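Reader: I have a chain to look over before setting up calculations. Can you take me through it, one question at a time?

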Amino acid sequence: MELWILIGAAVLLVVFGLYRFFKARKIMKTLTEEEFRQGYRKAQLIDVREPNEFDGGHILGARNIPVSQMRNRLVEIRKDKPVYLYCQSGARSTRAAMLLNKKGYDDLNVLQGGFKKWTGKIKSKK
């Protein structure tokens, strides 16, 4: 009996993970660095990492709106302009895109591989 409960829980986790994966692919575009570079200057460039990570280095022109504060700072993000998101590796920017999609944003773009793969110009406060 306990084994069936564990198997059921594992199956539910896999199904939930697949749902989130396909939902994310549907609501956002994952862009290579080259594709990201071509569009981010005409868009809202948002670094969703925490302030200390942002201060350590960020893409030139990016605003810092951590995913942990995003719900409370939606007024800072326009719905009528493309949104380009990035984090350190891609997980938090995907979470941010899912939140923004729920709130009615639809032109959502995420940097593949995140900031750690970025080779372009950066700015740092440290």
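Reader: Is Glu-76 buried, partly exposed or exposed?
Author: This is a predicted model, and the class follows from a computed relative accessible area. For Glu-76 that area is 34%. Buried needs under 20% and exposed needs over 50%. Glu-76 therefore counts as partly exposed.

Reader: Which side chain does Glu-76 meet in a salt bridge, and at what N to O distance?
Author: Opposite charges can pair when their charged atoms come close. A salt bridge here needs a nitrogen of Lys or Arg within 4 Å of a carboxyl oxygen. The side chain that meets Glu-76 is that of Arg-73, and the N to O distance is 2.7 Å.

Reader: How far apart in space are Arg-73 and Ile-122?
Author: Ile-122 is found in strand E7, residues 122-123. Its relative accessible area is 49%, so Ile-122 is partly exposed. Ile-122 and Arg-73 are 49 residues apart in sequence. From C-alpha to C-alpha, they are separated by 24 Å.

Reader: What is the distance between the closest N and O atoms of Arg-78 and Asp-80?
Author: Arg-78 is partly exposed, with a relative accessible area of 45%. Asp-80 counts as exposed, at 57% relative accessibility. The two form a salt bridge, and their closest N and O atoms are 2.8 Å apart.

Reader: How many residues apart are Lys-29 and Asp-107?
Author: Lys-29 and Asp-107 form a salt bridge, with the closest N and O atoms 3.5 Å apart. The pair links distant parts of the chain. Lys-29 is in strand E1 (residues 28-31), while Asp-107 is in the loop between helix H4 (91-102) and strand E6 (108-111).

Reader: Which relative accessible areas do Lys-29 and Asp-107 have?
Author: Both values fall between the cut-offs of 20% and 50%. Lys-29 is partly exposed, at 45%. Asp-107 is partly exposed too, and its value is 28%.

Reader: How many salt bridges does the count come to?
Author: The pair of Arg-73 and Glu-76 is a salt bridge. So is the pair of Arg-78 and Asp-80. With the 4 Å rule applied, the count comes to six.

Reader: Which residues form the positive surface patch?
Author: Patch members need over 30% relative accessible area and no salt bridge. Lys-79 sits in the loop between strand E4 (63-64) and strand E5 (83-86). Lys-103 is in the loop between H4 and E6, and at 37% relative accessibility it is partly exposed. The patch is made by Arg-71, Lys-79, Lys-102 and Lys-103.

Reader: How far in space is Lys-103 from Leu-18?
Author: In sequence, 85 residues separate Lys-103 and Leu-18. The spatial value runs from C-alpha to C-alpha. It is 22 Å.

Reader: What accessible area does the nonpolar patch on the surface have?
Author: Leu-3 is one of its residues. Leu-3 is in helix H1 and counts as exposed, at 55% relative accessibility.

Reader: Which element has the lowest mean pLDDT?
Author: The mean pLDDT of the chain is 91, and 95% of its residues reach 70 or more. Strand E2 (residues 44-47) has the highest mean among the elements, at 98. The lowest, 79, belongs to helix H1.

Reader: How far apart are the C-alpha atoms of Arg-41 and Trp-118?
Author: Arg-41 lies in the loop between helix H2 (33-39) and E2. Its relative accessible area is 66%, so Arg-41 is exposed. Arg-41 and Trp-118 are 77 residues apart along the chain. Their C-alpha atoms are separated by 15 Å.

Reader: And how far apart in space are Ser-68 and Trp-118?
Author: Ser-68 is in the loop between E4 and E5. Ser-68 is exposed, at 52%. In sequence, Ser-68 and Trp-118 are 50 residues apart. The C-alpha to C-alpha value is 23 Å.

Reader: What box do the C-alpha atoms of the chain fill?
Author: The chain has four helices and seven strands. Of its 126 residues, 38% count as buried. Taken along the principal axes, the box is roughly 55 × 30 × 30 Å.

Technical notes. Residues numbered from 1 in each chain as written. Predicted model: local features only at pLDDT ≥ 70, side-chain atom pairs only at ≥ 80, totals over all residues. Heavy atoms only, no water. pLDDT = per-residue confidence, 0-100. Helix = DSSP H or I, 4+ residues; strand = E, 2+ residues; numbered from the N terminus. Patch = residues over 30% accessible without salt bridge, like charges linked within 9 Å, V, L, I, M, F, W, Y side chains within 5 Å. Areas by Shrake-Rupley, 256 points an atom, 1.4 Å probe, with all protein chains shown as cover. Lys, Arg positive; Asp, Glu negative; His and termini not counted. Charge placed at Lys NZ, Arg CZ, Asp CG, Glu CD. Buried < 20%, exposed > 50% of the residue type's maximum accessible area, 1.4 Å probe, protein only.
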